[in-house]
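The following report concerns a set of protein chains and the contacts between and within them. Please consult the sequence and the structure alongside the text.

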Amino acid sequence: MAVLDKMEAQLRPVETPMVPYPAKYITQASGEKLVVHQLSRDDVPHLLKAIQPLTTVEKDFYDVVACRVVSELVGWLRYRVKDEYCLLGTVNGEIVGMVNGRMLTEKIGMSYHTLAIRQGLRLGAQLFAAKMEYHMDFLKQDEVWVVAESPNGFKRWMIEYELEPRFEQWHELGGVPTYVLTRKLWEKHKAAKCGGRRPVPEELMAVAKQMILPSTYGQIPGYRREA
Amino acid sequence: MRGEQRLREVGIVGVGHPPFGKYEGSLMDMLCEAAVEALDDAGVKTGAGHGVDQVLVSTMGGSQVNRQTGVASALVDSLNLRPAMAETVENGPASGASAVKLGYMAIASGMCDVVLVVGGERMRVLSGWEATDFVATMLHPEAEYAYGLTLPSFAGMFTRLIMAKYGVTERDLAMVSVKNHENAMFNPSAHIQLVPNLEAITEDEDALTINPYVAEPLHLYDTCPVSDGAAAVVLCALDVRERFARRPIKIAGIGQATDTHVVAEREVPTDLLAVRLAAKRAYAMAGLEPQDIDVAELHDAFTILEVVESEEVGFFPRGEGHLAVRRGETRIGGRIPINTSGGLKAKGHPLGATGVSQIIELVKQLRGEAHGRQVKGAKAGLAVNFGGFGNNVVATILAGEEE
Amino acid sequence: MDREMVAYQCSRCGELHHPLHYVCRKCGGRDFAEVPLRGEATLLTWTKVYNLPEGYMKPFLGFGIVEFGNGLRVAGQLEVDQPECGMKVRAKVDVVREGIGQDYYGFIFIQKE
């Protein structure tokens with residue numbers, strides 16, 4: 001194992017302790033359970049394998065989102081992003097989507113991305129809600145800064161949560177206009193948007209932790225993961 | 001309406017129904033695939049001597065969504081069916097059954113022997129909200145569309161009236177949805193291959209998160225998806241049936257009726273008058289009664305429509321359709337199975353293809369080729385294709401011939 | 001500017017219409033006079049729609065069908081907190097769809113004071 005030399009130690013961000021996100025499950029229309037749980041840094045290399053195939057899918061801006069998620073996760077893995085977290089969605093142990101973000105300050109959350117890998121069950125919306133839940137209800141922050149990189153995202157977050165435009169504030173993802181989820185908006189929309197039960201039964205949690213890589217992707221016709 | 005002179009009888013000798021869902025190619029590719037499948041099924045050889053006299057293409061958005069006009073002429077050329085006559089037919093979501101009706105008329109009149117009808121819609125190029133907007137263009141431009149009113153809006157307001165008057169519940173409607181999704185699992189052409197769990201979408205604490213309201217009191221699982229899809233049938237005069245590989249399924253009756261364009265102007269807001277009149281005319285032409293029908297495809301763009309249509313076509317007394325759902329009478333194996341194909345809810349609703357697709361399901365049932373969803377011994381089937389919010393409805397009755 | 005919505009009354013038999021038709025539904029007449037359509041109405045049915053068409057930047061919109069005192073039934077937008085079928089509402093006229101260079105005016109049904 002490489003030695004952590006002084007130079008490397010200087011490069012690493014000073015990390016703020018963050019309350020962990022308690023795992024939850026949401027019963028889907030199919031009767032299956034979506035389990036949302038927080039990943040640790042060690043899980044990143046495995047998760048990257050689930051995301052990488054999407055980095056070339058132009059439709060619905062999957063390429064933009066997947067590429068940036070990969071770089072955000074690698075930045076976290078290699079200690080170049082401060083106070084980042086990642087929540088994973090699994091169904092029957094298979095990875096179906098993820099969300100990530102970080103604490104900008106103690107009071108302000110910086111939402112990064114929402115990536116729905118499995119389509120058709122509105123999983124992205126449920127995962128986004130879990131992310132906002134983490135910022136507002138567990139990290140007890142005052143607000144979360146959000147941007148949308150696809151029309152779908154704009155519709156689901158900006159319009160459906162009535163996010164407050166605050167274009168003068170620059171979001172870390174670049175020049176895309178910043179919108180803000182305030183505590184007031186969260187309290188207004190939480191009931192309709194944020195589902196889930198806790199705790200996750202042990203057996204269900206064990207299955208979720210298998211984090212099985214998807215073998216096919218609806219976004220990539222003909223794709224089949226090599227065994 | 002019908003004179004003394006006897007019309008020629010018309011049957012269906014070929015069907016083509018590639019899977020509905022998401023299609024990668026062009027509208028024309030999709031139509032051609034369905035057409036070739038139907039021609040092959042009928043045993044019509046493509047190329048010289050094909051014998052197709054007329055081609056009808058039903059599409060609602062060909063021009064508006066896919067920016068192509070003269071679709072039927074283009075299809076004839078792609079399939080090299082020249083010099084067959086060709087027309088594109090647009091009657092909203094009832095375009096498909098309208099095209100079959102016009103094909104029937106072309107043959108019954110003696111003008112043609114063989115007609116190819118192809119319905120298709122390539123909608124997945126649109127976002128959900130663009131698709132909702134496009135479909136809403138069939139509403140009244142000033143009195144409805146300009147307000148932001150849409151088909152789901154009217155379906156929601158209609159549902160509220162029906163619930164108050166007859167005691168239909170959200171759970172009853174969810175049961176319709178689950179039934180249709182179950183049926184679709186036996187239909188390889190269906191768009192959605194997933195059976196929602198009744199408890200999960202109604203009773204579960206998270207039901208509203210995963211099955212949110214779309215237009216109160218209708219939920220996500222009460223509404224059909226946006227689908228790409230094409231479907232084709234070959235019609236022929238029964239007196240030339242020996243030209244074809246398949247036994248014809250007879251078009252026994254067709255009825256059509258219109259209602260007020262503006263939904264608010266309906267005299268009885270809980271009636272679907274055009275459905276009732278269209279079905280009545282189709283029964284009269286076929287010489288059949290509701291109790292003679294063994295299987296039905298009813299236009300369930302919204303679950304509530306299946307319930308009310310099942311009453312308006314005479315399967316159940318008014319206000320009792322939902323009770324029949326509770327008793328399981330509309331399931332396969334029940335008294336009158338409805339939407340064995342999965343219906344629009346689960347099979348998908350590519351507008352211009354839907355009416356043709358419904359008729360194909362009846363053909364499969366009457367041929368005995370519906371596999372896991374077969375209604376045993378089905379002899380007569382009824383399809384209702386519903387345009388606008390019920391302002392233009394076509395009912396079609398097919399009958400299998402005695403062996 | 002005050003906008004007004006109108007009903008179209010058949011000059012021959014007096015039958016009211018909204019919107020305008022070319023031919024009277026009752027007597028077949030073709031001439032109509034405009035009469036104001038406003039004031040109190042009864043809410044017959046309503047919905048709240050969450051999947052709005054293109055052009056609306058809102059999470060949902062309310063819609064309703066009402067019956068005016070003269071018997072005419074029309075659909076419009078609904079801005080009432082807790083709608084109930086049978087309740088009395090007031091019909092105001094306002095922008096119902098914003099267009100580029102042209103806004104569309106129509107009925108918005110609101111709480112009766």
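The report treats the chains, one interface, a helix, a histidine and several salt bridges in turn.

**Basis of the description**

This is a predicted model, in which local features need pLDDT of at least 70, side-chain atom pairs count only at pLDDT 80 or more, and totals for chains, interfaces and linings use all residues. Residues are numbered from 1 along each chain as its sequence is written, chains are lettered from A and ligands numbered from 1 in the order in which they are written, and side-chain values use heavy atoms, with hydrogens and water left out.

**Chains B and C**

Chain B contains 13 helices and eleven strands; helices (H or I, at least four residues) and strands (E, at least two) are DSSP runs, numbered from the N terminus. The C-alpha trace of chain B spans about 60 × 45 × 40 Å along its principal axes. Of the 403 residues of chain B, 66% are buried, where buried means under 20% relative accessible area, exposed over 50%, and partly exposed in between (1.4 Å probe, protein chains only). Among contacts in chain B (heavy atoms within 4.5 Å) with a separation of 6 or more, 76% are between residues 24 or more positions apart.

Chain C has zero helices and eight strands. Its C-alpha trace spans about 45 × 35 × 25 Å along the principal axes, and 42% of its 113 residues count as buried. For chain C, 43% of the contacts between residues at least 6 apart in sequence join residues at least 24 apart.

**The interface of chain B and chain A**

Chain B contributes 18 residues to the contact and chain A contributes 21 residues. The area buried between the two chains is about 1400 Å², with carbon and sulfur atoms giving 57%; buried area is the accessible area (1.4 Å probe) that two parts lose on being put together, summed over both. On the side of chain B, the residues that lose the most area to chain A are Trp129(B), Asp206(B) and Thr209(B), together 37% of what that side buries.

Two salt bridges cross this interface, a salt bridge being a side-chain nitrogen of Lys or Arg within 4 Å of a carboxyl oxygen of Asp or Glu. Arg197(A) and Asp206(B) form a salt bridge through their side chains, at 2.8 Å from N to O. Helix H7 (198-202) and helix H8 (207-210) of chain B each supply at least two residues of the side that touches chain A. H8(B) gives the most to that side, with three residues.

**Helix H10 of chain B**

Helix H10 (residues 303-312) of chain B is mostly covered, since ten of its ten residues are buried. Among them are Glu306(B), Glu309(B), Glu311(B) and Glu312(B). After H10(B) comes Gly314(B), which has a positive phi near 90°.

**His113(A)**

His113(A) lies in strand E5 (residues 108-116) of chain A and is buried, at a relative accessible area of 3%. Its side chain makes a polar contact of 2.8 Å with that of Glu72(A) and a polar contact of 2.8 Å with that of Glu149(A). A polar contact is a pair of N or O atoms within 3.5 Å; within protein, one must be able to donate a hydrogen and the other to accept it, and residues adjacent in sequence count only if both atoms are side-chain atoms.

**Salt bridges within chains**

Over all chains, the whole structure has 49 salt bridges.

| Pair | N to O distance |
|---|---|
| Glu133(A) and Arg198(A) | 3.1 Å |
| Arg171(B) and Glu199(B) | 3.2 Å |
| Glu329(B) and Arg327(B) | 2.6 Å |

Glu133(A) is buried at 7% relative accessible area, whereas Arg198(A) is partly exposed at 34%. Arg171(B) is partly exposed at 31%, and Glu199(B) is partly exposed at 40%. Glu329(B) is buried at 16%, while Arg327(B) is exposed at 53%. Asp271(B), Arg276(B), Glu311(B), Glu312(B) and Arg318(B) are joined into one network by salt bridges that share partners.
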